[in-house]
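Please read them with the structure open beside you.

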Amino acid sequence: MNPDLQKLQLYPFEKLNALKAQCQPAVEGHIALSIGEPKHEAPGFVLASISNNLNEINRYPLTRGSLKLRSTITNWLTRRFKLSGNRLDPEQHILPVTGTREALFSFAQCFVDRSVDGALILMPNPFYQIYEGAALLSGATPYFYNTVKENNYLPDFDAIDEATWQRCQIIYICTPGNPTGSVISKQQLIKLIKLSQKYDFIIASDECYSEIYFDESKPPTGLLEAAEECGNTDLKNCIVFHSLSKRSNLPGMRSGFVAGDAGLIKSYLLYRTYHGCAMPPVHQMASIEAWSDEDHVKQNRERYVKKFDAVIDILKPVIDVNLPDAGFYLWLNTPIDDETFAKDLFAQQNVTVLPGSYLSRESEGINPGQNHVRLALVASFDECVTAASRIKNYIQTLN
Ligand SMILES: Cc1ncc(COP(=O)(O)O)c(C=O)c1O
(Lines give C-alpha, C1' and ligand atoms only; values in the text may rest on other atoms or scores of the structure.)
Protein backbone atom coordinates (compact mmCIF):
# COMPACT_ATOMS: atom_id res chain seq x y z
CA MET A 1 0.00 0.00 0.00
CA ASN A 2 1.22 3.50 -0.82
CA PRO A 3 1.68 5.06 2.65
CA ASP A 4 0.85 8.51 1.26
CA LEU A 5 -2.80 7.38 0.96
CA GLN A 6 -3.00 7.75 4.74
CA LYS A 7 -2.31 11.46 4.37
CA LEU A 8 -5.45 12.14 2.31
CA GLN A 9 -8.13 14.07 4.17
CA LEU A 10 -11.85 13.33 4.21
CA TYR A 11 -13.57 14.97 1.26
CA PRO A 12 -15.56 18.08 2.38
CA PHE A 13 -18.89 16.45 1.50
CA GLU A 14 -18.21 13.49 3.76
CA LYS A 15 -17.65 15.92 6.63
CA LEU A 16 -20.81 17.78 5.63
CA ASN A 17 -22.90 14.58 5.62
CA ALA A 18 -21.63 13.73 9.09
CA LEU A 19 -22.53 17.23 10.30
CA LYS A 20 -26.03 17.07 8.82
CA ALA A 21 -26.67 13.61 10.25
CA GLN A 22 -26.75 15.26 13.69
CA CYS A 23 -30.02 17.08 12.98
CA GLN A 24 -33.49 16.85 11.48
CA PRO A 25 -34.70 19.83 9.38
CA ALA A 26 -37.70 21.64 10.86
CA VAL A 27 -39.25 22.56 7.50
CA GLU A 28 -40.10 20.68 4.29
CA GLY A 29 -38.34 21.21 0.97
CA HIS A 30 -34.58 20.80 1.06
CA ILE A 31 -32.44 23.20 -1.00
CA ALA A 32 -28.77 22.33 -1.58
CA LEU A 33 -26.38 25.22 -2.20
CA SER A 34 -23.46 23.08 -1.17
CA ILE A 35 -22.29 21.31 -4.32
CA GLY A 36 -20.65 23.17 -7.20
CA GLU A 37 -22.39 21.15 -9.87
CA PRO A 38 -23.94 23.25 -12.65
CA LYS A 39 -27.67 22.61 -12.95
CA HIS A 40 -28.61 24.63 -16.04
CA GLU A 41 -29.49 22.44 -19.04
CA ALA A 42 -26.77 21.10 -21.32
CA PRO A 43 -26.90 22.78 -24.77
CA GLY A 44 -29.20 20.90 -27.16
CA PHE A 45 -26.75 21.05 -30.07
CA VAL A 46 -24.09 19.30 -27.95
CA LEU A 47 -26.53 16.55 -27.02
CA ALA A 48 -27.47 16.21 -30.69
CA SER A 49 -23.80 15.86 -31.62
CA ILE A 50 -23.43 13.06 -29.07
CA SER A 51 -26.42 11.12 -30.33
CA ASN A 52 -25.42 11.65 -33.98
CA ASN A 53 -21.92 10.32 -33.44
CA LEU A 54 -22.49 7.31 -31.23
CA ASN A 55 -20.97 4.99 -33.82
CA GLU A 56 -17.59 6.60 -33.06
CA ILE A 57 -17.54 4.44 -29.95
CA ASN A 58 -16.01 1.56 -31.91
CA ARG A 59 -12.52 3.07 -32.12
CA TYR A 60 -9.79 3.93 -29.65
CA PRO A 61 -9.20 7.65 -29.19
CA LEU A 62 -5.77 9.26 -29.47
CA THR A 63 -4.40 10.47 -26.15
CA ARG A 64 -3.57 13.82 -27.71
CA GLY A 65 -7.08 14.12 -29.18
CA SER A 66 -8.07 14.93 -32.74
CA LEU A 67 -6.35 17.79 -34.54
CA LYS A 68 -9.77 19.31 -35.15
CA LEU A 69 -10.46 19.48 -31.41
CA ARG A 70 -7.02 20.95 -30.67
CA SER A 71 -7.43 23.51 -33.45
CA THR A 72 -10.87 24.50 -32.17
CA ILE A 73 -9.44 24.96 -28.67
CA THR A 74 -6.53 26.99 -30.09
CA ASN A 75 -8.97 29.30 -31.83
CA TRP A 76 -11.08 29.64 -28.70
CA LEU A 77 -8.09 30.51 -26.51
CA THR A 78 -6.77 32.98 -29.08
CA ARG A 79 -10.15 34.76 -29.32
CA ARG A 80 -10.99 34.66 -25.66
CA PHE A 81 -7.63 35.84 -24.32
CA LYS A 82 -6.77 38.11 -27.24
CA LEU A 83 -3.55 36.25 -28.03
CA SER A 84 -1.59 36.91 -31.19
CA GLY A 85 -2.69 34.66 -34.01
CA ASN A 86 0.47 32.57 -34.09
CA ARG A 87 1.02 32.21 -30.32
CA LEU A 88 -0.53 28.76 -30.01
CA ASP A 89 0.09 25.75 -32.18
CA PRO A 90 -2.46 22.93 -31.83
CA GLU A 91 0.36 20.41 -32.33
CA GLN A 92 2.47 21.75 -29.48
CA HIS A 93 0.50 23.72 -26.94
CA ILE A 94 -2.86 21.98 -26.43
CA LEU A 95 -3.89 18.70 -24.82
CA PRO A 96 -7.51 17.62 -24.24
CA VAL A 97 -8.20 16.09 -20.82
CA THR A 98 -11.17 14.21 -19.43
CA GLY A 99 -12.22 17.05 -17.12
CA THR A 100 -9.80 19.30 -15.30
CA ARG A 101 -10.11 17.35 -12.06
CA GLU A 102 -8.10 14.38 -13.30
CA ALA A 103 -5.72 16.75 -15.09
CA LEU A 104 -5.04 18.89 -12.02
CA PHE A 105 -4.30 15.68 -10.16
CA SER A 106 -2.21 13.86 -12.76
CA PHE A 107 -0.26 17.00 -13.63
CA ALA A 108 1.48 16.91 -10.25
CA GLN A 109 2.19 13.18 -10.59
CA CYS A 110 3.89 13.92 -13.90
CA PHE A 111 5.96 16.95 -12.89
CA VAL A 112 7.08 16.65 -9.28
CA ASP A 113 10.74 15.68 -9.04
CA ARG A 114 10.70 13.27 -6.10
CA SER A 115 14.48 13.10 -6.02
CA VAL A 116 14.61 16.62 -4.62
CA ASP A 117 14.24 16.79 -0.85
CA GLY A 118 11.55 19.10 0.49
CA ALA A 119 9.66 19.65 -2.77
CA LEU A 120 6.69 21.96 -2.26
CA ILE A 121 3.48 22.43 -4.18
CA LEU A 122 1.94 25.79 -3.36
CA MET A 123 -1.84 26.17 -3.40
CA PRO A 124 -4.47 28.68 -2.31
CA ASN A 125 -6.14 28.33 1.05
CA PRO A 126 -9.15 27.77 0.93
CA PHE A 127 -8.77 25.55 -2.12
CA TYR A 128 -10.24 23.00 -4.48
CA GLN A 129 -9.62 19.69 -2.73
CA ILE A 130 -7.79 18.04 -5.60
CA TYR A 131 -4.68 20.24 -5.33
CA GLU A 132 -3.90 18.92 -1.87
CA GLY A 133 -4.41 15.26 -2.80
CA ALA A 134 -2.32 15.76 -5.95
CA ALA A 135 0.53 17.18 -3.89
CA LEU A 136 0.41 14.48 -1.22
CA LEU A 137 0.34 11.59 -3.69
CA SER A 138 3.08 13.08 -5.85
CA GLY A 139 5.46 12.99 -2.90
CA ALA A 140 5.52 16.78 -2.47
CA THR A 141 4.43 18.73 0.60
CA PRO A 142 1.47 21.08 0.22
CA TYR A 143 2.16 24.69 1.15
CA PHE A 144 -1.00 26.72 1.70
CA TYR A 145 -0.97 30.43 0.88
CA ASN A 146 -3.91 32.18 2.52
CA THR A 147 -6.47 34.21 0.59
CA VAL A 148 -8.18 36.41 3.19
CA LYS A 149 -10.88 39.06 3.27
CA GLU A 150 -8.39 41.85 4.08
CA ASN A 151 -6.76 41.17 0.68
CA ASN A 152 -10.05 40.77 -1.22
CA TYR A 153 -9.55 37.00 -1.02
CA LEU A 154 -6.56 37.23 -3.37
CA PRO A 155 -3.13 35.66 -2.95
CA ASP A 156 -0.33 37.88 -1.66
CA PHE A 157 2.70 36.56 -3.52
CA ASP A 158 4.95 39.10 -1.72
CA ALA A 159 4.18 37.39 1.57
CA ILE A 160 5.84 34.13 0.44
CA ASP A 161 9.49 33.97 1.43
CA GLU A 162 12.48 33.16 -0.74
CA ALA A 163 13.15 29.76 0.87
CA THR A 164 9.61 28.70 -0.04
CA TRP A 165 9.94 29.85 -3.65
CA GLN A 166 13.23 27.94 -3.88
CA ARG A 167 11.52 24.71 -2.85
CA CYS A 168 8.40 25.35 -4.96
CA GLN A 169 8.08 22.99 -7.92
CA ILE A 170 4.48 23.79 -8.86
CA ILE A 171 2.08 26.51 -7.73
CA TYR A 172 -1.63 26.02 -8.25
CA ILE A 173 -3.59 29.19 -8.68
CA CYS A 174 -7.35 29.25 -9.07
CA THR A 175 -8.70 32.26 -10.93
CA PRO A 176 -11.62 32.92 -10.74
CA GLY A 177 -11.31 31.32 -7.32
CA ASN A 178 -13.32 28.49 -5.89
CA PRO A 179 -14.71 29.29 -3.31
CA THR A 180 -13.84 33.00 -3.20
CA GLY A 181 -14.82 34.15 -6.70
CA SER A 182 -11.80 36.49 -6.79
CA VAL A 183 -9.93 37.04 -10.04
CA ILE A 184 -6.16 37.52 -9.95
CA SER A 185 -5.20 40.66 -11.89
CA LYS A 186 -2.92 40.60 -14.92
CA GLN A 187 -0.27 42.52 -12.97
CA GLN A 188 -0.25 39.89 -10.23
CA LEU A 189 -0.06 37.11 -12.80
CA ILE A 190 2.91 38.85 -14.41
CA LYS A 191 4.56 39.12 -10.99
CA LEU A 192 4.08 35.38 -10.54
CA ILE A 193 5.47 34.63 -14.01
CA LYS A 194 8.62 36.63 -13.13
CA LEU A 195 8.95 34.64 -9.91
CA SER A 196 8.55 31.37 -11.84
CA GLN A 197 11.35 32.43 -14.16
CA LYS A 198 13.60 33.37 -11.24
CA TYR A 199 13.01 30.22 -9.18
CA ASP A 200 12.05 27.87 -12.01
CA PHE A 201 8.71 26.46 -10.96
CA ILE A 202 5.56 25.67 -12.93
CA ILE A 203 2.41 27.77 -12.67
CA ALA A 204 -0.70 25.58 -12.98
CA SER A 205 -3.56 28.03 -13.45
CA ASP A 206 -6.98 26.52 -12.86
CA GLU A 207 -9.28 28.75 -14.90
CA CYS A 208 -12.31 26.51 -15.08
CA TYR A 209 -14.67 29.29 -13.86
CA SER A 210 -13.32 31.87 -16.33
CA GLU A 211 -16.53 31.94 -18.38
CA ILE A 212 -18.92 32.65 -15.51
CA TYR A 213 -18.74 36.42 -14.96
CA PHE A 214 -21.16 39.28 -14.52
CA ASP A 215 -20.01 42.13 -16.72
CA GLU A 216 -19.88 41.23 -20.42
CA SER A 217 -17.27 43.93 -20.97
CA LYS A 218 -14.90 42.50 -18.35
CA PRO A 219 -14.12 38.81 -18.84
CA PRO A 220 -11.55 37.55 -16.31
CA THR A 221 -7.98 37.69 -17.53
CA GLY A 222 -5.89 34.50 -17.74
CA LEU A 223 -2.31 33.30 -17.37
CA LEU A 224 -1.62 32.98 -21.13
CA GLU A 225 -2.74 36.57 -21.68
CA ALA A 226 -0.39 37.70 -18.91
CA ALA A 227 2.48 35.63 -20.34
CA GLU A 228 2.06 37.23 -23.72
CA GLU A 229 1.85 40.70 -22.21
CA CYS A 230 5.11 40.33 -20.26
CA GLY A 231 7.02 38.96 -23.22
CA ASN A 232 7.05 35.31 -22.10
CA THR A 233 6.20 34.45 -25.67
CA ASP A 234 7.09 30.76 -25.46
CA LEU A 235 4.80 30.49 -22.39
CA LYS A 236 7.64 29.04 -20.32
CA ASN A 237 6.43 27.43 -17.08
CA CYS A 238 2.83 28.48 -17.78
CA ILE A 239 -0.02 25.97 -18.01
CA VAL A 240 -3.75 26.71 -17.94
CA PHE A 241 -6.64 24.35 -17.23
CA HIS A 242 -10.05 24.94 -18.83
CA SER A 243 -13.25 22.96 -18.75
CA LEU A 244 -16.64 22.65 -20.42
CA SER A 245 -18.24 21.62 -17.13
CA LYS A 246 -19.16 25.10 -15.88
CA ARG A 247 -18.91 27.03 -19.13
CA SER A 248 -21.31 24.82 -21.05
CA ASN A 249 -23.12 22.92 -18.26
CA LEU A 250 -21.54 19.64 -19.30
CA PRO A 251 -20.02 18.27 -16.07
CA GLY A 252 -20.91 14.71 -17.03
CA MET A 253 -19.10 14.84 -20.34
CA ARG A 254 -15.71 15.15 -18.65
CA SER A 255 -14.18 17.47 -21.18
CA GLY A 256 -11.48 20.04 -20.66
CA PHE A 257 -7.99 20.86 -21.82
CA VAL A 258 -4.58 22.01 -20.67
CA ALA A 259 -2.57 24.50 -22.70
CA GLY A 260 0.71 26.32 -22.50
CA ASP A 261 4.48 25.63 -22.39
CA ALA A 262 5.24 23.26 -25.29
CA GLY A 263 7.97 21.38 -23.39
CA LEU A 264 5.62 20.66 -20.50
CA ILE A 265 2.80 19.64 -22.82
CA LYS A 266 5.14 17.20 -24.58
CA SER A 267 6.13 15.52 -21.29
CA TYR A 268 2.55 15.53 -20.07
CA LEU A 269 1.41 13.81 -23.29
CA LEU A 270 4.01 11.09 -22.69
CA TYR A 271 2.76 10.70 -19.12
CA ARG A 272 -0.87 10.57 -20.26
CA THR A 273 -0.15 7.90 -22.84
CA TYR A 274 0.56 5.59 -19.90
CA HIS A 275 -1.97 7.21 -17.57
CA GLY A 276 -4.58 6.27 -20.17
CA CYS A 277 -7.41 8.69 -20.09
CA ALA A 278 -7.98 9.71 -23.66
CA MET A 279 -11.28 11.46 -24.31
CA PRO A 280 -13.85 9.26 -26.10
CA PRO A 281 -14.19 10.31 -29.78
CA VAL A 282 -17.90 11.06 -29.30
CA HIS A 283 -17.06 13.55 -26.56
CA GLN A 284 -14.29 15.06 -28.64
CA MET A 285 -16.76 15.76 -31.43
CA ALA A 286 -19.31 17.22 -29.03
CA SER A 287 -16.55 19.34 -27.42
CA ILE A 288 -15.69 20.83 -30.81
CA GLU A 289 -19.30 22.02 -31.05
CA ALA A 290 -19.29 23.43 -27.52
CA TRP A 291 -15.99 25.36 -27.84
CA SER A 292 -17.19 26.80 -31.16
CA ASP A 293 -20.29 28.50 -29.77
CA GLU A 294 -20.49 31.48 -27.39
CA ASP A 295 -24.26 32.15 -27.49
CA HIS A 296 -25.09 29.40 -25.03
CA VAL A 297 -22.29 30.58 -22.72
CA LYS A 298 -23.64 34.13 -22.72
CA GLN A 299 -27.15 32.87 -21.99
CA ASN A 300 -25.74 30.82 -19.17
CA ARG A 301 -24.07 33.92 -17.69
CA GLU A 302 -27.30 35.90 -17.94
CA ARG A 303 -29.01 33.34 -15.73
CA TYR A 304 -26.28 33.60 -13.10
CA VAL A 305 -26.43 37.42 -13.19
CA LYS A 306 -30.16 37.29 -12.37
CA LYS A 307 -29.64 34.82 -9.54
CA PHE A 308 -26.78 36.75 -7.98
CA ASP A 309 -28.69 40.05 -8.17
CA ALA A 310 -31.77 38.56 -6.52
CA VAL A 311 -29.90 36.64 -3.81
CA ILE A 312 -27.63 39.58 -2.91
CA ASP A 313 -30.68 41.89 -2.70
CA ILE A 314 -32.29 39.55 -0.20
CA LEU A 315 -29.19 38.98 1.93
CA LYS A 316 -27.71 42.49 1.88
CA PRO A 317 -29.85 43.89 4.73
CA VAL A 318 -28.66 41.16 7.13
CA ILE A 319 -25.08 40.34 6.16
CA ASP A 320 -22.07 41.86 4.40
CA VAL A 321 -22.33 40.38 0.90
CA ASN A 322 -21.02 41.60 -2.46
CA LEU A 323 -20.98 40.38 -6.02
CA PRO A 324 -17.77 38.35 -6.50
CA ASP A 325 -15.51 39.06 -9.46
CA ALA A 326 -16.68 35.86 -11.18
CA GLY A 327 -17.73 32.23 -10.69
CA PHE A 328 -20.98 30.89 -9.25
CA TYR A 329 -20.21 30.97 -5.53
CA LEU A 330 -20.95 33.42 -2.74
CA TRP A 331 -18.28 33.25 -0.06
CA LEU A 332 -20.07 34.60 2.99
CA ASN A 333 -18.30 35.80 6.09
CA THR A 334 -20.53 34.40 8.85
CA PRO A 335 -21.22 36.18 12.15
CA ILE A 336 -20.68 32.87 14.01
CA ASP A 337 -18.57 29.73 13.59
CA ASP A 338 -19.13 28.30 10.10
CA GLU A 339 -19.92 24.73 11.17
CA THR A 340 -22.54 25.92 13.64
CA PHE A 341 -23.97 28.24 10.99
CA ALA A 342 -24.26 25.43 8.41
CA LYS A 343 -25.67 22.95 10.92
CA ASP A 344 -28.29 25.28 12.41
CA LEU A 345 -29.27 26.64 9.00
CA PHE A 346 -29.92 23.09 7.85
CA ALA A 347 -31.82 22.20 11.05
CA GLN A 348 -33.99 25.33 11.05
CA GLN A 349 -34.40 26.13 7.34
CA ASN A 350 -33.50 22.95 5.43
CA VAL A 351 -30.85 24.71 3.33
CA THR A 352 -27.42 23.12 2.92
CA VAL A 353 -24.32 25.29 2.58
CA LEU A 354 -20.71 24.22 2.90
CA PRO A 355 -18.70 25.28 5.97
CA GLY A 356 -15.65 27.19 4.80
CA SER A 357 -13.30 25.44 7.19
CA TYR A 358 -13.96 22.18 5.27
CA LEU A 359 -12.22 23.81 2.29
CA SER A 360 -9.15 25.10 4.09
CA ARG A 361 -6.32 24.22 6.45
CA GLU A 362 -4.60 26.07 9.22
CA SER A 363 -1.64 27.99 7.84
CA GLU A 364 0.41 30.88 9.26
CA GLY A 365 -1.58 30.55 12.48
CA ILE A 366 -5.03 31.03 10.94
CA ASN A 367 -7.65 29.01 9.14
CA PRO A 368 -8.93 31.36 6.43
CA GLY A 369 -12.04 29.29 5.75
CA GLN A 370 -13.25 29.67 9.32
CA ASN A 371 -16.32 31.87 9.76
CA HIS A 372 -17.14 31.52 6.09
CA VAL A 373 -19.65 29.42 4.19
CA ARG A 374 -19.82 28.69 0.48
CA LEU A 375 -23.11 29.06 -1.37
CA ALA A 376 -23.21 27.61 -4.89
CA LEU A 377 -25.94 29.42 -6.83
CA VAL A 378 -26.46 26.50 -9.16
CA ALA A 379 -30.09 25.67 -8.35
CA SER A 380 -32.96 27.28 -10.28
CA PHE A 381 -33.71 31.00 -9.84
CA ASP A 382 -36.77 30.23 -7.69
CA GLU A 383 -34.88 27.81 -5.47
CA CYS A 384 -31.99 30.26 -5.02
CA VAL A 385 -34.43 33.03 -4.05
CA THR A 386 -36.26 30.78 -1.59
CA ALA A 387 -32.95 29.63 -0.11
CA ALA A 388 -31.79 33.25 0.25
CA SER A 389 -34.99 34.19 2.10
CA ARG A 390 -34.54 31.24 4.44
CA ILE A 391 -30.90 32.16 5.06
CA LYS A 392 -32.01 35.71 5.81
CA ASN A 393 -34.58 34.42 8.33
CA TYR A 394 -31.93 32.28 9.95
CA ILE A 395 -29.38 35.13 10.19
CA GLN A 396 -32.04 37.34 11.79
CA THR A 397 -32.37 34.84 14.61
CA LEU A 398 -28.67 35.30 15.40
CA ASN A 399 -29.00 38.95 16.37
C1 LIG B 1 -11.70 24.98 -8.93
C2 LIG B 1 -12.11 23.78 -9.69
N3 LIG B 1 -11.24 23.24 -10.56
C4 LIG B 1 -11.54 22.15 -11.27
C5 LIG B 1 -12.77 21.53 -11.13
C6 LIG B 1 -13.03 20.27 -11.91
O7 LIG B 1 -13.91 20.47 -12.94
P8 LIG B 1 -14.03 19.41 -14.11
O9 LIG B 1 -13.25 18.21 -13.75
O10 LIG B 1 -15.47 19.15 -14.24
O11 LIG B 1 -13.44 20.10 -15.33
C12 LIG B 1 -13.71 22.04 -10.24
C13 LIG B 1 -15.00 21.37 -10.07
O14 LIG B 1 -15.82 21.68 -9.27
C15 LIG B 1 -13.38 23.20 -9.51
O16 LIG B 1 -14.23 23.75 -8.64
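1. Helices, taken as H or I runs of at least four residues, and strands, taken as E runs of at least two, are DSSP runs numbered from the N terminus. Counted in this way, the protein chain has 14 helices and 12 strands. The model is a predicted one, and that should be kept in mind with every value below.

2. On overall form, the radius of gyration of the protein chain is 21 Å, close to the 21 Å that the globule rule gives for 399 residues, and the chain is therefore as compact as a globular protein of that length. The C-alpha trace spans about 60 × 55 × 45 Å along its principal axes, and buried residues account for 58% of the 399 residues.

3. Trp 76 belongs to helix 3 (residues 67–80) and Phe 257 to strand 8 (residues 256–260), so the contact ties together parts that lie 181 residues apart in sequence. Both Trp 76 and Phe 257 are buried.

4. Phe 328 and Tyr 329 make another edge-to-face pair, because their ring centres are 4.9 Å apart with the planes at 65°; here too Phe 328 and Tyr 329 are both buried. Elsewhere, one aromatic cluster is formed by Phe 107, Phe 111, Phe 241, Tyr 268 and Tyr 271, and Lys 20 lies over the face of Phe 346, at 4.8 Å from the ring centre.

5. Which residues are linked in a network of salt bridges? Among the 18 salt bridges counted, a network links Lys 82, Lys 186, Glu 225 and Glu 229. Within it, Glu 225 bridges to Lys 186 with the closest N and O atoms 3.7 Å apart; Glu 225 lies in helix 8 (residues 223–229) and Lys 186 in helix 7, so this pair ties together parts 39 residues apart in sequence. Lys 186 also meets Glu 229 in a salt bridge of 3.1 Å, N to O, which links helix 7 with helix 8 across 43 residues.

6. Lys 191 lies in helix 7 (residues 186–199) and Asp 158 in the loop between strand 4 (141–146) and helix 6 (162–167), so parts 33 residues apart in sequence are tied together. Lys 191 is partly exposed, with a relative accessible area of 28%, whereas Asp 158 counts as exposed at 58%.

7. Met 1, Leu 5 and Leu 8 make a nonpolar surface patch of about 340 Å²; Leu 8 sits in the segment before helix 1 (12–20) and is partly exposed, with a relative accessible area of 34%. Tyr 358, by contrast, is buried at 5% relative accessible area, although its place is in the loop between strand 11 (354–355) and strand 12 (372–376). The C-alpha atoms of Tyr 358 and Pro 368, 10 residues apart along the chain, are separated by 11 Å.

Terms used
Residues are numbered from 1 along each chain as its sequence is written. This is a predicted model: local features need pLDDT of at least 70, side-chain atom pairs count only at pLDDT 80 or more; totals for chains, interfaces and linings use all residues. Side-chain values use heavy atoms; hydrogens and water are left out. Patches are made of residues with over 30% relative accessible area and no salt bridge: like charges are joined within 9 Å, nonpolar side chains (Val, Leu, Ile, Met, Phe, Trp, Tyr) within 5 Å. Accessible areas come from the Shrake-Rupley method with a 1.4 Å probe; for residues, only the protein chains shown count as cover. A salt bridge is a side-chain nitrogen of Lys or Arg within 4 Å of a carboxyl oxygen of Asp or Glu. Buried means under 20% relative accessible area, exposed over 50%, partly exposed in between (1.4 Å probe, protein chains only). Rings of Phe, Tyr and Trp (its six-membered ring) pair if their centres lie within 6.5 Å; planes under 30 degrees apart count as stacked, over 60 as edge-to-face and the rest as tilted. A charge sits over a ring if NZ of Lys or CZ of Arg is within 6 Å of the ring centre and within 35 degrees of the ring normal. The radius of gyration is taken over C-alpha atoms; the globule rule is 2.2 Å times the number of residues to the power 0.38.
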